[in-house]
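Please look over the charged side-chain pairs in this model. The report below takes the chain as a whole and then a few pairs one by one.

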Amino acid sequence: MLYRRGKTWHYDFTVAGRRQRGPTHETSESKARKIESKLIAEAEQRGPSAVLRRAPLLSEFAPRFLNWVDQARGLAPNTRRYYRLGWDRIRKTPLMGMTLDRITTEEVDSLFLTGSPAHVNQALRTLRRLLGKAVEWKVIALAPKVSLMKEIGREQIIDQESEAKLLAVAKQPLKDVLIICQDTGMRPEEVFRIQIENIDWTRRLLFNPHGKTKASRRHLPISERMLDVFLLRIAGTHEGWLFPAKRAACGHSTTVAKQFRAARKAAGLPDKLVLYCARHTFGTDVYEATGNLAVLMKVMGHTDVRTSMRYQHPALDSLRAAIDERNSRHKPRHSELRVQ
């Protein structure tokens with residue numbers, strides 16, 4: 001059965017005793033009917049044994065998902081933490097009392113999630129992954145579409161004044177991590193995984209072998225103050241993690257978030273300033289100094305030129321000087337001014 005809700009058509013049908021409903025996202029009835037027919041055919045093909053007869057409540061299914069988050073081999077530590085934090089937000093919603101097959105796109109869209117778009121999306125991405133695993137494990141037949149909020153890019157930078165304030169109050173290892181982020185544009189998780197054997201002392205280059213893409217494998221220049229950080233940290237050691245952590249299963253530090261929040265508060269800086277802003281600062285400075293997008297892409301580990309183009313900020317200082325110069329030339333003499 002098709003029915004209209006607002007401007008779009010929705011489907012509602014039952015196959016093998018399983019009711020399935022949701023939006024087609026189409027305003028045309030004919031197109032919506034084609035989508036409905038395709039969904040019915042897919043449901044019939046899966047058959048009555050494709051999914052459990054009774055879908056569990058979200059609260060019942062969650063332990064299985066969280067166990068997967070903790071045990072899955074392919075998940076990075078930051079990804080595990082991301083899903084854990086996202087789940088903390090989801091478990092406070094009314095979805096906890098719903099069975100998985102009753103969670104529709106409309107139910108997700110109507111959730112009242114507070115916080116920034118990035119925090120809301122953290123919860124939504126976690127829910128989307130959870131429902132996707134439920135389909136993969138044949139707990140439900142279909143997962144609803146989960147739309148994310150539009151996020152505003154991190155435009156905040158850590159300027160010289162803010163950096164000085166942070167370094168004055170920062171504890172270790174945050175102090176060294178901040179310097180490396182500021183001087184290389186490395187992501188915090190890349191900094192934590194620096195290995196001493198990847199430091200080229202002769203050419204003063206650091207090789208980063210890790211990352212999400214092939215472009216993330218890159219060489220980075222070592223600044224004077226970074227060289228001081230490295231020499232103090234290695235203390236004659238020739239291999240191993242630059243930021244070792246005995247308690248961490250991976251053998252190295254994975255976060256300095258708590259230290260950064262404390263330093264930011266002590267320095268009197270805004271909450272929107274995060275450690276990742278150091279990467280944006282580096283990208284901005286590199287482009288303003290070189291004007292070379294190819295160099296910026298390489299050093300930042302970007303694969304898409306559009307990502308690098310975000311750092312094409314106009315040279316505001318030179319622009320301001322040009323405007324002041326223009327105004328000084330056109331400024332009328334006081335004797336020429338008349339009171340109307």
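What follows is a short report on the fold and its salt bridges.

This is a predicted model. The chain holds 14 helices and six strands. Of its 340 residues, 39% are buried. Contacts between residues at least 6 apart in sequence were also sorted by separation: 60% of them join residues at least 24 apart. The accessible surface is about 20,600 Å². Carbon and sulfur atoms account for 52% of that area.

Side chains of opposite charge can pair when their charged atoms come close. Across the whole structure there are 14 salt bridges. The table gives three of them.

| Salt bridge | N to O distance |
|---|---|
| Arg91 and Asp88 | 3.3 Å |
| Lys165 and Glu161 | 3.5 Å |
| Arg218 and Glu190 | 2.9 Å |

Are Arg218 and Glu190 buried or exposed? Both are buried, so each has a relative accessible area under 20%. Their salt bridge links distant parts of the chain. Arg218 sits in strand β6 (residues 218-221), and Glu190 in helix α8 (residues 188-192). The two are 28 residues apart.

Lys165 is partly exposed at 35% relative accessibility. Glu161 is exposed, at 53%.

Arg91 and Asp88 form another pair. Arg91 is partly exposed, with a relative accessible area of 43%. Asp88 is partly exposed too, at 31%.

How values were computed: Residues numbered from 1 in each chain as written. Predicted model: local features only at pLDDT ≥ 70, side-chain atom pairs only at ≥ 80, totals over all residues. Heavy atoms only, no water. Helix = DSSP H or I, 4+ residues; strand = E, 2+ residues; numbered from the N terminus. Buried < 20%, exposed > 50% of the residue type's maximum accessible area, 1.4 Å probe, protein only. Contact = heavy atoms within 4.5 Å. Areas by Shrake-Rupley, 256 points an atom, 1.4 Å probe, with all protein chains shown as cover. Salt bridge = Lys/Arg side-chain N within 4 Å of Asp/Glu carboxyl O.
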